[in-house]
Amino acid sequence: MGEGARRNKPCWCGSGRKLKHCHLDRERQAPLQLWEAGREMRKAFSRNLCSAPADWVSDCSGKIVRAHTVPRAGSLTKIARDGHVYAFVPSMENFEKNKGLLIPELVGISRASTFTGFCSLHDDRIFAPVEKREFAATPEQCFLLGYRAISRELYTKQSSANLADFRKGADRGKSPAVQLAIQGFNKAFDFGNEAGLKDIRYHKNRYDEVLKSGEYGDVRAYVLELEAAPSVMCSASWMPSEDFGGRQLQNLLDLEKTPHEMTFTSFWSGGRGYVVFQWLKDDNDTCNRFVDSFRALPAEDITAALLRIMFEYFENIYIQPDWWDSLEEASKNLLINRMGLSTDPFAKPKQNVLAKDALDVANWALIGDKTVGY
């Protein structure tokens with residue numbers, strides 16, 4: 001085959017473009033710079049949209065706000081030191097500086113836990129029952145905590161998907177062998193993210209229907225009430241695959257089934273700390289078993305178990321500086337490594353990830369617990 005014919009063939013990477021417009025002489029191009037990657041990540045994860053149900057969008061105010069997934073006034077100020085909390089900031093610069101690990105850094109509470117995912121009208125109207133009233137663990141309030149977490153998860157996965165084309169250019173200036181490895185990783189990552197995006201869109205649509213109906217009979221929650229503000233605050237959703245005994249709850253590799261979803265929120269309201277596990281009735285099979293395994297833990301392991309959940313599955317967590325600084329280095333390293341491994345796409349899948357480890361923390365004083373809807 002002549003050089004001209006080869007140049008006009010579809011590129012081997014699967015982009016759909018001709019080789020001459022894609023990977024021809026890619027190894028001679030200027031390598032991707034760290035600042036370029038950082039710029040594109042910041043752009044992708046700061047896009048403006050309103051996550052209200054699609055048929056409500058015509059009412060949008062047009063002004064997108066930096067919505068706090070963990071309330072600033074009631075919660076973050078409670079654990080802040082000089083207006084700052086510790087957070088894990090997933091930037092290219094931080095990954096490079098810390099050799100692939102995420103190290104908590106101080107961030108101002110004005111930007112901690114925010115995402116540009118709601119307009120001012122819908123952010124105020126939708127979440128008023130949970131943000132403008134003391135928390136009483138009503139089905140509506142528990143649902144709204146979950147709705148915020150689900151909305152952010154969809155926002156995050158879509159933002160990651162929007163980086164697909166940029167990631168495909170990350171092999172500039174690399175050898176053909178490295179180009180092949182990078183494109184192989186991109187395909188695997190995009191496949192997994194697309195599957196996750198499909199799942200979270202399904203769950204967001206379910207939550208939209210509940211919100212629009214105003215009927216909260218299918219809302220389920222397990223609520224812990226604490227004497228003090230939880231030292232780590234969080235708002236997130238995930239698909240539990242195993243319980244605290246290492247027993248499989250659902251197979252996340254079975255792409256024929258949409259996994260069950262659960263949300264997790266820890267915060268402060270009305271003079272009490274709270275941790276809320278929330279889900280919908282159709283997800284009972286997985287979520288009930290997960291909560292049952294948590295409730296079976298000895299009392300002295302509850303706080304460490306909550307931390308294992310947060311640092312294993314979520315990055316949207318905010319830490320009380322005085323609490324973090326008081327931890328022994330060994331405990332800090334356990335949590336940092338748990339966070340690092342959970343965000344490493346090359347890490348081998350782990351089993352029994354919630355099993356008790358050597359984490360040594362004082363227990364948060366528990367007032368009591370309650371179930372909602374069951």
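**Close-up views of a predicted model**

**View 1. Lys204 and its contacts.** Neighbours within four places in sequence aside, Lys204 is in contact with Ser51, Ala52, Tyr147, Ile150, Ser151 and Leu154. Contact means heavy atoms within 4.5 Å. Lys204 has its place in helix 8. Lys204 counts as buried because its relative accessibility is 4%. Buried means under 20% relative accessible area, exposed over 50%, and partly exposed in between (1.4 Å probe, protein chains only). The model is predicted: local features need pLDDT of at least 70, side-chain atom pairs count only at pLDDT 80 or more, and totals for chains, interfaces and linings use all residues. Residues are numbered from 1 along each chain as its sequence is written, and side-chain values use heavy atoms, with hydrogens and water left out.

**View 2. Helix 6 packs with helix 8.** Helix 6 covers residues 139-161 and helix 8 covers residues 176-213. Helices (H or I, at least four residues) and strands (E, at least two) are DSSP runs, numbered from the N terminus. The two axes lie 9 Å apart, at an angle of about 150°. Axes are lines fitted to C-alpha atoms, for helices over the stretch in contact, and angles run from 0 to 180 degrees between N-to-C directions. Helix 6 and helix 8 are therefore roughly antiparallel to each other. Angles under 35 degrees count as roughly parallel, over 145 as roughly antiparallel, 65 to 115 as roughly perpendicular and the rest as oblique.

**View 3. Residues between helix 6 and helix 8.** Helix 6 contributes residues including Phe143, Leu144, Tyr147, Ile150, Leu154 and Lys157. Among those from helix 8 are Phe189, Asn193, Leu197, Ile200, Lys204 and Tyr207. By class, this contact has 12 nonpolar, seven polar and five charged residues. Ala, Val, Leu, Ile, Met, Phe, Trp, Tyr, Cys and Pro count as nonpolar, Asp, Glu, Lys and Arg as charged, and the others, Gly among them, as polar.

**View 4. Cys119 in strand 4.** Strand 4 spans residues 114-119. Cys119 is buried, with a relative accessible area of 0%. Neighbours within four places in sequence aside, Cys119 is in contact with Cys50, Cys60, Ser61, Gly62, Lys63, Ile64 and Val65. Asn48 is 71 residues from Cys119 in sequence and 8.7 Å from Cys119 in space, C-alpha to C-alpha.

**View 5. Asp301 in a loop.** The loop runs between helix 9 (284-295) and helix 10 (302-313). Asp301 counts as buried, at 5% relative accessibility. Leaving out neighbours within four places in sequence, Asp301 is in contact with Arg308 and Lys356.
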